[in-house]
Amino acid sequence: MKKQKKISTILIYLVLILVTITMLFPFVWMLSSSLKLDKDIFTFPIQWIPKEPQWDNYKNIWTRIPLAIFIKNTAKITLIVTFLQLLTSSFAAYAFSKLHFKGKDILFMAYIATIAVPWQAYMVPQFIMMRSFGLNNTHLAIILLQAFSAFGVFMMRQFYQGIPDSLIEAARIDGMNDYQIYAKIMLPLSKPGLSTLTIFTFVNTWNDFLGPLLYLTRDNLKTIQIGLRMFITQYSAEYSLIMAASVVVLIPVLVVFLSLQKYFVQGVAATGVKG
Amino acid sequence: MEQIQKINKAAKKRKRKENLTAYSFIAPNFLGFAIFTLGPIIFAIILSFYKWDGSNPMEFIGFDNFTRMWGDSRVQAAFINTIVFVIGTVPLTLIFSLFLAVLLNKKIKGRNIFRTVSFFPYVASLVAVAAVWNMIFSPVNGPINEILKTLGMMDPPRWAADKNWAMVTIIFFSVWKQIGYYMVIFLAGLQGISEEMYEASELDGANSWQKFRNVTLPQLRPVTFFVMMMLTINSFKVYDQVYMITQGGPGTSTLVLVYEIYNTAFKNWDLGYSSAISMLLFVLVLLVTVFQFKGEKGFVNE
């Protein structure tokens, strides 16, 4: 029995190491290529650690494309969207989960129904509408179309369902009004839920491609994803610079993810999947 | 009598106050949601019955856009390719992410590191990883084909450049990219299964496989259903990776519905027709979702 256990542990580790290699191969290759000369990238067998690391690649990308502007634009949009998303969805979710009011079921159904509608199915009318508001080629357009997602409300509501009503009742007896209950009880208790929503929203907005592609055609407004894409199409043969820029683009998301991940599984556990 | 009226009045007043409080909580999100999501959805439905280029007056043409779609070979190709993509991606992602979640739910050393690593492709920028993907799967001198050659495969696939392999390449990429996300959802579901159920089945002498079949799978059914639904909806929306890896080619071998919606709208400015294709996508997703809900109910009733 003990021996059998040992074998199965070894097997599990073997599988996990295989998975890790598959998951990380592109990233390690990216990192390694970003420090090479273009002509050395495709040498085989793969030279994982470059003999003469080309640190200059990381200097050059900042002058070859306006990478700093792209990052600034993306950071601005992402921070505002994440903030609005967290605030408005946790606010609305409080009403959906803890208050009784007229039209609650219909309104909630409207939210749920739109989760199943692909954004791409209404992106064209949305674009025309934004254009008639004079919002194409503004960051505001991207912010407005990302900040009020049905998914966020749904997720936070599921999370709040897990917080006992008796807690709210007790607070009411203590004389708190609903705004105070939201701020002093619900928000502090929903850290895992908020962290999860932060990761989802941050990642989605930072990595959004089609939205900015439609709305932002001026170079000085572009986000990092379409900026990077533009760079790739313009300098398709300069592999190492492309890879260096890609590494830079990955770092912010990685930082956000690693700093919030301790709440992450816990957060997912308490939200979407309980149905 | 007067007393009762007073109480009634007070209750009504309280009720009204509660309604108003609730609306004040919902309003900020709902306003944005109604204007930027609900409005455009309704507009899209209307637009699919019109001919419009975005600047000249709209012209009502009834079902013409839909009958035109029927004979459009590009839409047909996009329709079939989207379904192929969904059928290829959904089961692969589902099985691999469940498998990985079960492994990473065991109490083993370093499991947090493995979890983080598996989640990493999901958070990584699509543009960046698609660029790498194009390079490592390059048919000429990419490392994948070099490795295949050293393993004795003399004529490795030409991946994105071959019309028979292009969709496979996109599917591989998508599975790799999203496995971590669904794994986390499964993981969360697994943590909701009580330890006692496993212990009970262990007492009955069940081995690992039996425990998986008799405890894990049934307990995980709601989560599996949720994952399958989200995964299917998301797969129908495939666009970004196609744009970055194959641009719909070679030929129309990876042309998908959203790609065609985008082209029709923003290249040809044929907005009514593009909305009609959107309706096709919408109805397709709706049908599959309803079908899945029915299937889930059938399961539960058995």
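This is a predicted model: local features need pLDDT of at least 70, side-chain atom pairs count only at pLDDT 80 or more; totals for chains, interfaces and linings use all residues.
Visitor: What makes the pair Lys59(A) and Asp56(A) a salt bridge?
Guide: The closest N and O atoms of Lys59(A) and Asp56(A) are 3.6 Å apart. The cut-off is 4 Å between a side-chain nitrogen of Lys or Arg and a carboxyl oxygen of Asp or Glu, so the pair qualifies.

Visitor: Why are Lys59(A) and Asp56(A) separated by about one helical turn?
Guide: Because they are three residues apart in helix 2 (residues 56-64) of chain A.

Visitor: How do you know what kind of residues chain A brings to chain B?
Guide: By class, the side of chain A that touches chain B has 72 nonpolar, 15 polar and four charged residues. The contact takes 91 residues from chain A and 90 residues from chain B.

Visitor: How is the size of an interface often given?
Guide: As the accessible area lost when the parts come together. Here chain A and chain B bury about 8200 Å² between them, and 80% of that is on carbon and sulfur atoms. Helix 1 (residues 2-33) of chain A gives the largest share of the side of chain A that touches chain B, with 15 residues.

Visitor: How many aromatic pairs are there over all chains?
Guide: The count comes to 44 aromatic pairs. One of them is formed by Phe91(A) and Phe25(B).

Visitor: Why is the pair of Phe91(A) and Phe25(B) called tilted?
Guide: The ring centres are 4.5 Å apart and the planes are at 45°. Centres must lie within 6.5 Å, and planes under 30 degrees apart count as stacked and over 60 as edge-to-face, so this pair falls among the rest, which are tilted. The pair crosses between chains, from helix 3 (residues 67-98) of chain A to helix 1 (residues 2-47) of chain B.

Visitor: What makes Ser259(A) and Val255(A) a polar contact?
Guide: A polar atom of the side chain of Ser259(A) lies 2.9 Å from the backbone oxygen of Val255(A). The cut-off is 3.5 Å, so the distance meets it. Ser259(A) is found in helix 13 (residues 239-260) of chain A.

Key
Residues are numbered from 1 along each chain as its sequence is written. Chains are lettered from A and ligands numbered from 1 in the order in which they are written. Side-chain values use heavy atoms; hydrogens and water are left out. Contact means heavy atoms within 4.5 Å. Buried area is the accessible area (1.4 Å probe) that two parts lose on being put together, summed over both. Helices (H or I, at least four residues) and strands (E, at least two) are DSSP runs, numbered from the N terminus. Ala, Val, Leu, Ile, Met, Phe, Trp, Tyr, Cys and Pro count as nonpolar, Asp, Glu, Lys and Arg as charged, and the others, Gly among them, as polar. A polar contact is a pair of N or O atoms within 3.5 Å; within protein, one must be able to donate a hydrogen and the other to accept it, and residues adjacent in sequence count only if both atoms are side-chain atoms. Rings of Phe, Tyr and Trp (its six-membered ring) pair if their centres lie within 6.5 Å; planes under 30 degrees apart count as stacked, over 60 as edge-to-face and the rest as tilted.
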